[in-house]
Amino acid sequence: MPQYGMVIDLKRCYGCYACVMACKVKNHTPPEVFWARLLKGERGKFPNTMRQALPVLCMHCEEPSCLEVCPTGATQKLDNGIVIVDKDKCMGCKACIMACPYGARYSVEKWVSYFPEGLPLSDYEKFAKNYWEEKSGCGVATKCDFCLDLIEKDKLPACVEACPANARTFGDLDDLDSEASTLIRKCRGEVLNPELGNKPKVYYLAPR
Amino acid sequence: MDPKVNGQLQKDWGGLIALYLFLGGVGGGAYTIAAINSFLGKSMELSTTVGLWIGFPALLIGSLILVADLGNPSKFILAGLKPGTSWIARGFWIISLFMVFSFLHLVIHEFTDVNQTAGIMTVLAVLGIIFAILTIAYTGLLLGASKGIPFWRSGIVPVLFVISGLVTGHFLTMIGMVVFYEGASTVTQFRTMALEASIVVVVELLAILFFLHAAYKQPDSRESVERIMRKTIFIVGYFILGLGLPFLLMLIIRYTMTASGPGAILAVAFIGALFGLIGGFLLRLAILVCGALPTLNMGGFQFRRIAKPKDLKPQIGLMPPQ
Amino acid sequence: MVDATTTKEDVWIPTCCGQCYCMCGVKVRRQDGIVTQIEGNPDAPTGRGSICVKGLASPHLLYDPYRVNYPLKRTNPEKGLGVDPKWERISWDEALDTITEKLKECQERDPRGVFFQATTTQASEIRFGVIGFMKAFGTPNYWVSGGGLHCGNGAHFMNGIMHVAWSIIPDFAHCNYALNFGCSKGHGAGHVAVMNATQVADARFRGFKNVVFDPFMSAQASKGHEWVPIRVGTDGALALGLVNSLINEHGIYDAEYLMYKTNAPYLIRPSDGRYMRDKETNLPQVWDLVDNKPKIHNDPSVTRVEYEDEAHEVALTGTYNVDGVDCQPSFELLKEHVKKYTPEYVEKITWVPAATISRIAKEFGEAAEIGSTVTIQTENGPKKIPRRPVATHFFRGAQGHTNSGWTCLSIDMVNHIVGAADTYGSALGLGGTVQDGYKKTGKPYQIPYPCPDGLLKAKAWVYDHIPYPLREPKPPTRLDLHDMFPTSIYNAFTICSPKWFDILERFKIPYRPDVMINFGSNSVMTMGNAEAVTENFLKKFRFIFSFQLYCTEFEEAVADIVLPDACYLERFTPAVSFPSTFSHPQGEDDWGWTIRQPVVKPLFERRDFNEVMLDISKRCGILGKYYKGLNDVVPIRYGGDLEEKNKLVEDGSVEHSWEDICDRLVRDRFGDEHNLEYFKKRGLFTWPKRKEDVYWKWFNPSRVPVYFEYFIDSGEKMSKLWDEYQGNDFFKFDWSRFKALADWYPCPTHTEEDPEYDMHTFYWRAVAHCNSLTQQNPYLDECAQEDPHVYAVQMHQDTAAAKGINDGDYVWLENPQGHKVKGWVSLCEGIEPKHLAIAAVAGHWGKYMPIAKGKGVFFNDLVEMDLEHTDPLTFNQDICCRVKIYKAD
């Protein structure tokens with residue numbers, strides 16, 4: 001079984017939000033839900049200042065802290081390493097949201113339109129609502145699943161496909177010859193906040 | 001006023017969860033006091049009765065609130081099917097067992113002859129106290145299991161919540177005693193309980209200071225401490241009015257109102273206890289709303305979710321004529 | 001109700017994105033008749049499977065409930081900012097009847113009273129409905145509002161002269177060291193944004209160094225190898241400092257390139273600065289160092305078209321006596337001229353340390369590796385060409401000032417000094433304007449060629465008029481007196497002047513503004529101070545009708561009729577990536593001709609702009625002329641004449657549908673087998689690019705100027721004409737800008753003396769937004785809110801602390817003219833402390849655009865529209881200003 005993971009080259013990434021939006025329109029996530037998100041950081045005093053963007057998503061940790069706190073078995077780690085939520089088992093306690101130090105989980109009580117309340121839904125939003133309620137669900141924890149449906153069709157996750165800078169490499173981390181493994185090894189990939197001990201499967205290559 | 005909404009703060013657990021944490025504490029605390037007092041015999045009868053009447057219902061309401069806060073309340077029973085796998089699953093059984101014990105204790109205490117059922121009541125009280133403490137501690141352990149919120153990860157939170165549970169348990173019991181006032185003996189009990197409460201308040205004060213100090217030393221939870229120290233509900237609502245004022249009033253009841261009539265004592269006790277209760281709730285609320293995600297570090301940068309100004313929500317505006 | 005799991009139809013339709021002017025090929029997913037998702041089209045050279053955040057967010061553009069879906073009529077006769085138009089829905093018939101009536105009235109008065117205003121977002125649609133109608137109706141009055149005035153009058157014009165291109169950009173695939181002057185190319189915005197981003201990311205990966213000059217830490221600065229904070233509007237001075245440092249301090253220049261590919265060796269007569277011309281041929285002369293005598297510039301002995309050709313060396317420096325006149329090569333003059341731009345002098349202007357200027361010039365010069373070559377495979381076998389892996393590039397930030405024209409030329413001059421232009425690794429013209437076309441048809445053919453003086457002339461261009469040679473100044477006929485001005489495409493200082501009608505009177509314009517046709521522009525917000533634009537300009541029209549997606553601030557203020565336009569997902573456009581001035585990635589990837597096609601039929605009663613313009617033309621009885629207009633625009637814009645059989649019938653005896661017109665154009669360019677049906681299936685047609693078209697410099701016999709001799713002539717003619725009309729009564733022109741050698745000129749920002757106005761402010765381009773359209777898209781709005789700075793005023797922490805301003809505080813920014821805008825501040829370290837940075841065309845107030853409303857800061861309100869804030873050379877608007885900042889309640 002492959003162990004899926006991702007490498008994000010921060011030197012390539014220039015913070016364009018294409019990953020965020022590709023995820024939005026693929027998964028039709030409602031407002032304020034960002035399975036793929038982009039954080040921006042600044043350091044140093046003027047003029048020795050630096051800025052950098054950090055794309056984040058579910059880290060699909062080897063030791064997911066969300067899994068530990070899930071009381072119902074809704075959060076599962078698949079054999080291929082992908083962490084998913086079975087919406088039919090989730091009771092919506094949100095403990096997993098609090099347990100994820102990477103802030104990768106989101107829950108919406110009810111589906112909300114992107115437009116002000118009180119308007120009739122557009123055709124696209126009707127579709128998006130339906131898609132969300134069926135695939136992800138309201139009141140339950142939701143998160144990035146590495147676009148499992150696309151992977152099963154031998155395609156790449158939407159954010160990987162969309163990245164104009166080719167900053168994202170998706171692949172089998174158990175396969176030492178995969179592009180992802182090679183990048184991690186050769187370019188010294190690091191995980192976010194390793195001290196947390198979650199052993200994320202999303203690696204980053206240094207911005208400089 | 002903070003002009004911005006900080007994206008680092010968790011926003012999924014709010015008032016309802018705070019209320020549950022509070023009720024879990026107050027219920028467990030009141031029951032514990034009642035059960036201990038029951039060993040002291042007649043002199044503390046009213047406080048025992050009131051405490052037992054608080055314990056079970058508080059947890060019942062608290063659990064209902066907890067269920068109501070679920071995104072999918074109908075599935076709450078799933079939490080009980082995998083005991084031991086997670087703190088919520090453990091909590092499910094802790095609360096359930098506590099509710100069973102406290103309910104039985106209450107029923108037996110109220111509706112049987114105390115002399116005949118003393119043995120079983122002792123057993124129930126011991127079990128009840130254990131599970132009451134576990135119930136309160138669990139409210140802290142629930143937060144403590146949240147790896148995403150370093151502020152809550154502290155081992156002191158369950159201890160703090162147990163202490164606060166005992167304090168608020170005292171206070172709610174005292175309010176109950178004001179309502180069911182039974183004359184002079186009640187006043188005596190007040191004076192005992194006022195002393196107990198004062199002592200526990202001092203312990204709580206030490207616990208909270210220790211908690212904040214420890215959290216401040218950790219970089220990941222420092223932001224939460226800074227935020228909570230700027231929160232009015234925490235400083236004024238909890239610290240001054242919810243902890244300081246009741247402490248003062250309890251000391252007054254105990255040491256300066258020796259010659260006062262019952263009415264004055266009742267009134268002071270009532271006011272002190274009420275503020276203490278509100279303080280207990282605000283403590284939990286403040287701890288919840290100040291829960292912040294850890295800052296993510298990479299390449300020497302610190303990455304955080306952005307703070308947005310509060311007034312960006314679109315109004316409905318006008319539609320072009322259709 | 002659509003069921004997400006049991007959809008029956010699930011198709012991907014190839015078309016071309018239309019959220020900005022980048023023209024990326026996309027595939028749009030349609031599920032049971034509903035557009036649900038958009039992706040890049042891997043077949044399209046623009047994008048190659050990636051598109052940006054804006055394109056991805058398109059479903060909301062199509063389905064936004066605030067879209068205008070039916071024709072609307074203004075029932076409130078009052079016009080102005082914030083006036084309620086009291087819209088009433090009307091039928092298409094009523095709308096078109098009214099419009100036809102107004103147009104016919106105008107036709108009787110004077111057809112030139114029609115003013116066409118368009119948006120750059122739909123740059124390809126403009127080439128048909130706008131241009132065709134203007135030609136048919138007989139009006140010369142046109143502009144694309146903010147486009148051009150803010151971004152292009154300077155840059156596009158000067159890049160047209162120097163590179164026959166819309167912009168310049170490093171050959172990222174091979175460039176090692178680039179200097180970026182305030183432009184986001186390769187970092188999410190600007191032309192060909194996505195492919196550039198891919199190329200820059202690859203370049204970074206292999207160690208490409210980008211030094212970014214910008215007052216704040218832009219996306220490009222954050223990814224750059226070095227960020228050099230610079231005072232806004234002083235890029236030209238810095239560039240001249242680099243030129244001086246290269247030539248006079250470090251002695252670095254590419255003599256070969258200057259001798260054979262520029263007019264640097266042209267001998268200049270000292271008396272009037274003109275070329276020394278051969279008496280017989282009247283051609284400019286150079287000094288042959290081998291034969292030691294003057295030669296005409298294209299004498300075979302002194303000409304090297306290809307790098308491997310051999311020629312005599314010609315003089316770049318020194319003084320030579322020709323026919324008794326002591327004259328010097330123009331390079332000698334340039335060399336002397338730039339000496340005043342010492343690092344120390346430039347530091348005072350730009351705030352960039354002198355040592356940094358000197359160092360960067362040295363690094364740049366060394367990285368150019370002058371003398372190095374590379375062999376590329378051409379159609380005629382392997383050829384050796386120079387390899388110059390350095391480039392300077394620039395755009396809006398550097399050129400949006402009153403020194404625009406000379407700033408652009410100065411920045412590009414750095415390239416030409418080291419021979420880093422349109423060759424391997426160097427600065428390339430962006431947009432690919434050089435090509436010999438698809439082999440089978442030879443179209444689009446656009447190989448530039450030299451004028452008699454040897455200078456580069458474009459073969460294809462976006463406008464009727466190519467950038468060089470300049471037009472002859474003529475007595476004005478246009479409402480903006482454009483005919484008099486040889487160096488611009490349009491201007492704002494005339495039409496936005498409170499004395500506009502007096503000016504028209506003085507300049508003997510016999511007609512007045514009458515009907516404005518607006519296609520997609522929100523000019524109330526995109527040009528400058530809203531009040532000035534509305535009161536002085538827009539309200540002067542008798543009747544305004546507007547093709548629009550939303551009721552923007554423009555429609556609210558002044559439109560009489562709003563027509564519901566189709567968005568890019570609902571329309572056909574036969575040529576999107578062409579005219580090719582800005583929609584092709586540089587580099588060796590294929591050419592691609594992209595079309596737009598409807599993914600869904602126009603919803604509600606929306607209709608495509610181009611179809612409606614055909615309809616209006618028919619009603620006005622000018623359909624035949626309209627067809628002729630379209631036939632006429634094809635050769636220069638799409639590179640090559642139309643075959644007879646593909647021409648539209650000009651006598652009006654045949655009515656061509658819009659699809660038929662589309663079909664004819666693509667068939668004409670690529671043969672009958674590549675008809676519209678073919679394009680509907682693939683979305684585009686691609687053919688290979690020749691290497692000699694990518695690196696065309698050493699395959700083309702033309703030269704580019706480093707000495708702008710013809711500006712002198714042009715300025716003299718223009719000032720003469722100006723004086724004839726006593727134009728100085730209205731505008732005091734600075735004719736000294738019309739000269740041959742580059743200089744830096746201060747903006748009002750740099751000469752402001754009131755210490756109260758102590759902050760420099762400017763705007764920047766946020767990746768989630770383009771022009772003003774995207775502001776109403778809730779996906780993009782949310783994205784913009786995810787960035788700490790997009791909707792804020794970026795301010796340095798120390799400056800804010802000194803002024804008692806805190807993070808998140810609301811503030812006013814007020815310019816010396818008393819115009820002010822409100823916003824909240826976002827404190828940071830990544831900005832030069834005397835600057836404030838504002839993003840996008842934000843700060844909307846329109847009641848019909850609630851998502852856009854109240855987000856961000858309306859920077860343009862601070863932009864003054866007078867001549868003082870206009871570059872006298874190119875009429876580019878000044879987009880920086882001084883402000884005072886103070887807390888708002």
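Predicted model: local features only at pLDDT ≥ 70, side-chain atom pairs only at ≥ 80, totals over all residues.
How are α6(B) and α7(B) oriented to each other? Residues are numbered from 1 along each chain as its sequence is written, and chains are lettered from A and ligands numbered from 1 in the order in which they are written.

**View 1. The crossing of helices α6(B) and α7(B).** The axes of α6 (residues 184-217) and α7 (residues 219-229) of chain B come within 6 Å and cross at roughly 130 degrees, the axes being lines fitted to C-alpha atoms over the stretch in contact, with angles running from 0 to 180 degrees between N-to-C directions. The two helices, α6(B) and α7(B), are therefore oblique to each other, since angles under 35 degrees count as roughly parallel, over 145 as roughly antiparallel, 65 to 115 as roughly perpendicular and the rest as oblique. Leu212(B), Ala215(B) and Tyr216(B) of α6(B) meet Ser221(B), Arg222(B), Ser224(B) and Val225(B) of α7(B), where contact requires C-beta atoms, placed from the backbone, to lie within 7 Å. By class, these residues divide into 4 nonpolar, 2 polar and 1 charged (Ala, Val, Leu, Ile, Met, Phe, Trp, Tyr, Cys and Pro count as nonpolar, Asp, Glu, Lys and Arg as charged, and the others, Gly among them, as polar).

**View 2. The contact of chain A with chain C.** Chain A contributes 46 residues and chain C 49 residues. On the side of chain A, the elements giving two or more residues are α1 (18-27), β2 (37-43), β3 (50-56), α4 (123-135) and α6 (158-162), helices (H or I, at least four residues) and strands (E, at least two) being DSSP runs numbered from the N terminus. The largest share, 8 residues, comes from α4(A), and this side of chain A has 26 nonpolar, 7 polar and 13 charged residues.

**View 3. The contact of chain B with chain A.** Here 37 residues of chain B face 41 residues of chain A. On the side of chain B, α3 (87-111), β2 (296-298) and β3 (301-303) each supply at least two residues, with the largest share, 4 residues, coming from α3(B).

**View 4. Domains 1 and 2 of chain C.** Domain 1 (155-435 + 698-713) and domain 2 (748-887) of chain C have bounds from an automatic or database domain assignment, and 33 Å separate their centres, taken over C-alpha atoms. In this contact, 22 residues of domain 1 touch 23 residues of domain 2.

Terms used. Contact = placed C-beta atoms within 7 Å.
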